[in-house]
Amino acid sequence: MGAWAVPWVVALPLAGALVNGLWGGRLGRRGVSLVACLSVLGAFLLSVALTRDLVASPGAEDRTVRLFEWIAVGDFRIPAALVWDRLAALLALVVTGVGFLIHVYSVGYMAEDPDYSRYFTYLNLFVASMLVLVLGANLLVLFVGWELVGLCSYLLIGFWFERPAAAAAGRKAFVVNRVGDAAFVLGILSTGSLLGTLDFREMARLLGEGGGGLRGHPALVTSALLLFAGATGKSAQLPLYVWLPDAMEGPTPVSALIHAATMVTAGVFLVGRLWPLFEAAGPVLPWVVAPVGAATALFAATVAVVQYDLKRVLAYSTISQLGYMFLALGVGGGTAAFFHLTTHAFFKALLFLAAGSVMHALHGQIDLRRLGGLWKSMPLTFLGFVVGAASLSGIPPLSGFWSKEEILHAAHGSGGLWLVALGTSFVTAYYATRAAVLAFLGDPQSPGRPHDPPPAMAWPLAGLVVLSAVGGFLGAKWLGAPFHAFLEPAWGGHEAPAPDLGEVALAVAVATAGVVAGWLAHRGRREPQLGPVRRALEAQWGVEALYEAAVVRPGRALAHLLSEAVDLRGVDRAASALAEAVVRAGSTIRTWQTGNVRQYAAGLLAGAVVLFAYWVLR
Amino acid sequence: MRPPSWILSFLVFAPAVGAALVALAPRRDSLLRGIALAASLVSLGVAAYLFWNFPPGEPGFWITESAGWVPALGIGYRLGVDGISLPLVALTALLFPVALVGTWEAVRSRVKEYLVLLLLLETAVLGTFLALDLVLFYVFWEAVLVPMYFLIGLWGSERRAYAALKFFLFTMAGSVLMLLAIAGLYLATGTFDFQALTAGQIPAALQGWLFAAFALAFAIKVPLFPLHTWLPDAHTEAPTAGSVILAGLLLKMGTYGLVRFGLGLFPEAARAASPWFLTLAVVGILYGAAVAYAQRDVKRLVAYSSVSHLGFVVLGTFALTPQGLAGALLQMVNHGISTGALFLMVGVLYERAHTRALDAFGGVARVMPTFAALSLFVVFSSAALPGTNGFVGEFLVLLGAFRRGPLWAALAAGGVVLSAVYLLWMVQRVYFGAPTPQVRAFPPLRGYEALSLAVLVAAILWIGLYPRPWLARSEAAVQALVQRVAQQAQTPSPWAGGRP
Amino acid sequence: MTVPAGAYLVLSAALFTLGTVGVLVRRTALVLFMSIELMLNAVNLAFVTLARVHGDLGGQLAAFFVLVVAAVEVVVGLSILVHIFRTRDTVDVDEVDLLRG
């Protein structure tokens with residue numbers, strides 16, 4: 001399959017969005033579903049074919065497609081170009097594959113929604129945008145995809161826009177992302193100024209052979225920091241994570257696709273894409289990326305423990321797992337990070353879809369305190385959730401175990417961070433078990449007769465169960481570690497790790513301990529008090545309050561201050577003052593016009609005398 | 001294939017001829033509107049023709065037209081179009097018919113006078129962008145004020161008299177100084193001919209105060225902080241078409257003047273003054289956005305957004321780099337399109353609700369979905385979302401500013417965040433949420449309203465995805481101008497773009 | 001005994017001064033006019049004297065001009081004055097200040 005197919009991977013979902021957007025009303029639900037799902041499926045199949053091609057011809061040029069010259073002014077020339085290399089292929093497969101499953105799921109989930117075609121328009125648009133992001137051949141094209149997925153996120157979080165909470169959540173997501181994006185843009189400018197190019201291959205070449213003398217260059221460090229700041233926004237790391245829990249206002253399949261499997265991983269992808277840059281940027285990776293990742297992982301996991309909204313538990317869980325990925329990147333485990341990205345996509349999407357099944361069955365009920373007893377009435381969902389939770393906790397032989405293990409192994413060298421990761425593992429298992437117990441076990445707390453979801457929702461669920469269960473074997477050394485073999489050329493030679501049995505046993509033990517602790521603490525629907533710690537956790541260690549006090553409220557106050565005091569009374573007054581001065585001068589001069597003839601005559605005389613004197617004395 | 005030079009006069013005066021026809025025609029509103037639209041479409045056709053055939057790579061004036069006017073005083077009737085004025089001419093020719101169509105039935109009283117004034121305004125604006133003689137430029141510049149004053153004063157909202165007068169006086173104050181400077185320039189060089197002036201060298205000692213006088217007049221028009229306070233009142237009180245033209249075009253006269261005359265005639269002075277302008281530009285970007293957020297009147301919110309957006313234009317202009325100037329020029333066009341569209345949107349809302357208070361709306365997206373969809377395109381264009389025109393322009397400006405000094409770009413990037421804040425706040429308040437009973441009663445989007453918005457949205461997407469035609473045509477002129485002003489040997493640039 | 005030219009000029013100056021003072025001080029419009037006439041005639045005297053002294057007829061010509069203009073001015077001025085008297089019933093110049101700003 002030649003390079004010509006690459007743009008079609010993007011074009012298919014985009015076309016789907018256009019068709020559904022313009023003619024969705026006339027196509028009817030069936031038509032819309034077919035267009036939407038088939039376009040993503042088509043993109044997936046193309047991705048598979050292109051990937052096979054890529055693997056089959058090792059050493060061949062990665063396929064790059066230059067579509068047209070997009071921006072060109074003077075020496076600054078940026079083409080609209082896409083590239084199909086290993087990293088791009090991996091993400092494309094994940095996005096289109098999981099995306100397809102979620103599209104099918106949505107057919108069932110959104111069946112009753114009046115805005116059916118609008119939903120699928122946005123969803124297709126998202127897939128297309130995400131593909132632009134991962135297939136972009138230069139930083140600017142990537143950035144286009146980056147912001148477009150932000151747009152789709154905004155549209156989808158606020159899909160039920162008549163709900164004020166949803167509209168507000170969408171706006172919050174976009175604005176917080178924008179903060180990261182501003183840093184991202186500056187990072188682009190900085191990188192470009194330093195390297196003279198934004199093209200990834202060019203960058204790799206320039207920085208490849210010993211960094212070209214730029215290792216540790218302050219401008220490079222600045223660029224890396226700025227770009228990472230951008231990544232923290234999109235991937236919901238400290239301190240720009242605050243939009244993600246609120247994003248749960250959107251439909252659950254959206255949460256599964258965008259806020260678990262794909263969009264939020266864009267930051268991880270970015271670091272991976274710019275690996276040569278980050279590697280050459282000295283202390284950034286180990287001293288910034290890794291600690292931020294680790295801290296976020298632990299932070300979010302602890303907050304997840306006290307959430308009652310099941311989706312919020314999963315949201316914080318996502319933040320936490322993304323932290324793991326950044327930690328992995330920070331300690332040099334690029335492949336581990338992307339392995340975890342893949343497995344996480346599987347089991348987190350699974351968890352969200354299971355949660356969606358519950359919501360669907362119980363008419364939107366998602367509060368853990370009102371759930372329960374569903375293991376009997378919704379066995380498939382229960383299975384899905386358990387598999388997902390166990391994978392999340394890192395229980396072998398599920399997929400999460402393999403990827404998490406790799407990360408822990410990679411972090412082994414950095415003492416403190418490794419401990420944090422291990423501790424987070426415990427907490428993760430704890431809250432996952434808690435969620436499973438409260439949601440599915442015990443006696444039902446809500447009325448109603450829940451049942452497993454219809455086929456449209458059930459099949460994707462089952463598919464993800466399988467992937468979450470066996471996906472990890474892609475990294476198994478005794479199977480040839482196909483995943484790592486695939487990704488290796490992207491980093492230039494990192495071996496699949498060979499953790500020793502002691503490490504593995506410790507990790508498993510910690511995870512199991514977490515599961516047991518969770519079971520014991522919540523068995524019988526108990527909720528341990530946790531004392532003052534609970535309050536701190538419920539307030540997310542004060543982060544939201546800090547934002548409110550330090551950013552939101554002062555910002556609004558400043559805006560009003562500028563508007564009223566400065567603009568209205570200050571600047572405008574200055575202009576009016578000028579006008580008033582003129583009027584006052586006028587009224588003063590006015591008093592000279594007395595209308596009195598004799599005074600005028602006297603004036604004439606005085607003037608004449610002055611002129612005469614001047615003339616005579618000159 | 002160079003068109004004949006009289007095509008420029010034809011372009012400029014076609015709307016005036018239309019105005020004459022409207023004045024003579026019988027008082028039937030639909031007929032009058034038809035004539036007006038036809039006249040403006042004629043100009044659009046000519047402008048499109050010129051745009052299409054303009055040779056990219058032409059650094060100077062492609063077509064010039066010259067005739068004697070007052071030879072005794074050295075005043076000539078000189079018009080010309082180059083890579084810098086071409087995009088603005090195209091924008092003008094596009095916005096007038098769009099504004100006419102978009103507000104087709106909005107004005108129902110004294111329609112004849114209204115249309116005559118609009119058409120005369122178009123002639124004056126076109127003349128301003130094409131004039132190559134300083135006196136001619138001044139005549140057209142002042143000629144813009146009169147119709148605009150009446151448009152605001154007669155067909156505006158509650159505080160129209162105040163707003164119209166304020167607009168007039170502010171602009172006039174600057175213009176008077178500019179007239180003095182023009183006279184001074186003539187006394188120093190003996191000519192009003194722009195091309196002759198740029199060919200020669202204006203003594204550096206003189207440049208300082210001449211530049212200041214010109215720049216003041218233009219800065220008021222842009223508007224540059226802190227000379228901006230006429231803008232919110234004028235924009236808010238003007239009728240919809242007036243606001244569209246005011247924001248879309250009149251403000252560009254200021255930025256155009258800064259480029260054409262500020263940089264073009266007084267390069268040394270402009271270079272020396274650039275840090276001041278850069279500072280004021282950044283202040284404008286951030287200040288305008290912050291104040292926009294605090295507004296309770298949706299039209300005023302959009303008005304302040306103009307202050308913020310034009311800060312970017314000034315930033316790009318005075319960065320004195322090719323990308324900065326090219327970005328600024330493109331942003332002039334972009335802002336005209338997206339803010340013009342924003343005002344059309346506000347007009348649609350005002351037509352139905354007869355109020356501009358943000359609090360009065362809610363849930364419009366449920367009641368008017370097509371309108372909401374079009375509106376979102378426009379809003380995100382204003383917020384510089386990649387894929388829209390706003391991104392290309394803003395990115396180039398930021399790039400240009402960065403190459404001048406990273407700090408400028410860093411500060412201006414704050415505007416990127418703030419624009420999302422106030423724009424999405426507006427969207428949330430007006431379009432989202434549950435529809436109020438009043439909103440539920442809104443009549444659906446009318447054909448002409450949809451058409452005008454759709455045309456602008458199409459332009460937004462076209463320029464955003466394929467800006468090449470626009471950038472290519474202005475590139476040579478931009479490069480030539482920047483080289484003249486920056487005048488240092490271009491430091492070997494590391495930029496190589498993306499070559500696969 | 002011939003009268004020296006200087007005496008005429010002194011007389012002219014004195015008359016001019018008297019006239020000026022009269023214009024400035026007197027409030028009756030008619031007296032104002034008379035003062036103005038006095039000033040004009042003082043000037044005439046000066047013109048004629050100097051014409052004689054320099055042998056230049058231009059001075060006498062100027063005197064004729066002044067006489068004509070004075071006559072016209074008196075006509076116009078008196079008619080305005082009569083009108084003012086008719087409408088305002090006063091000839092006090094201070095009370096006619098409608099042109100005050």
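## Backbone, interfaces and helix packing

Q540(A) sits in the loop between α22 (531–538) and α23 (543–590) of chain A. Helices here are DSSP runs of H or I with at least four residues, strands are runs of E with at least two, and both are numbered from the N terminus. The model is a predicted one, in which local features need pLDDT of at least 70 and side-chain atom pairs count only at pLDDT 80 or more, while totals for chains, interfaces and linings use all residues. Residues are numbered from 1 along each chain as its sequence is written, chains are lettered from A and ligands numbered from 1 in the order in which they are written, and side-chain values use heavy atoms, with hydrogens and water left out.

Most residues other than glycine have a negative phi, and most peptide bonds are trans. Q540(A), a residue other than glycine, has a positive phi near 45°. Chain A also has a cis peptide bond between L238(A) and P239(A), with omega about -10°. P239(A) belongs to the loop between α7 (218–234) and α8 (243–246) of chain A. A cis peptide bond also links P396(A) to P397(A), where omega is about -5°. P397(A) is placed in the loop between α16 (379–393) and α17 (399–411) of chain A.

**Contacts between chains**

Two pairs of chains are in contact, and chains A and B share the most contacts of the two. Contact means heavy atoms within 4.5 Å. Between chains A and B, 58 residues of chain A and 68 residues of chain B take part. The size of an interface is often given as the accessible area lost when the parts come together. Chain A and chain B bury about 5,500 Å² between them, with carbon and sulfur atoms giving 67%; buried area is the accessible area (1.4 Å probe) that two parts lose on being put together, summed over both.

The contact of chain C with chain A takes 14 residues from chain C and eleven residues from chain A. Here about 950 Å² is buried, 59% of it on carbon and sulfur atoms. Chain B and chain C do not touch, and their nearest C-alpha atoms are 24 Å apart.

A salt bridge is counted when a side-chain nitrogen of Lys or Arg lies within 4 Å of a carboxyl oxygen of Asp or Glu. That rule gives 32 salt bridges over all chains. Five salt bridges are counted between chain A and chain B, and one between chain C and chain A. The table lists salt bridges between chains.

| Residue | Partner | N to O distance |
|---|---|---|
| D115(A) | R366(B) | 3.0 Å |
| D94(C) | R598(A) | 2.7 Å |
| R468(B) | E69(A) | 3.7 Å |

R468(B) lies in helix α20 (residues 468–486) of chain B and E69(A) in strand β1 (residues 63–73) of chain A, so this pair joins two chains.

**Helix packing**

Two packed helices are described by the angle between their axes and the distance between the axes. Axes are lines fitted to C-alpha atoms, for helices over the stretch in contact, and angles run from 0 to 180 degrees between N-to-C directions. Angles under 35 degrees count as roughly parallel, over 145 as roughly antiparallel, 65 to 115 as roughly perpendicular and the rest as oblique.

In chain A, helix α2 (residues 86–109) packs on helix α3 (residues 116–135) at about 170°, and their axes are 9 Å apart. The two helices α2(A) and α3(A) are therefore roughly antiparallel. Residues in this contact include L91(A), V95(A) and H103(A) of α2(A), and Y119(A), L123(A) and V127(A) of α3(A). By class, the contact of α2(A) with α3(A) has 14 nonpolar, four polar and no charged residues. Ala, Val, Leu, Ile, Met, Phe, Trp, Tyr, Cys and Pro count as nonpolar, Asp, Glu, Lys and Arg as charged, and the others, Gly among them, as polar.

In chain B, helix α11 (residues 267–293) and helix α17 (residues 406–430) pack at an angle of about 20°, with axes 8 Å apart. The helices α11(B) and α17(B) are therefore roughly parallel. Among the residues that meet are L278(B), V282(B) and I285(B) in α11(B), and L411(B), G415(B) and W425(B) in α17(B). The contact of α11(B) with α17(B) has 15 nonpolar, three polar and no charged residues.
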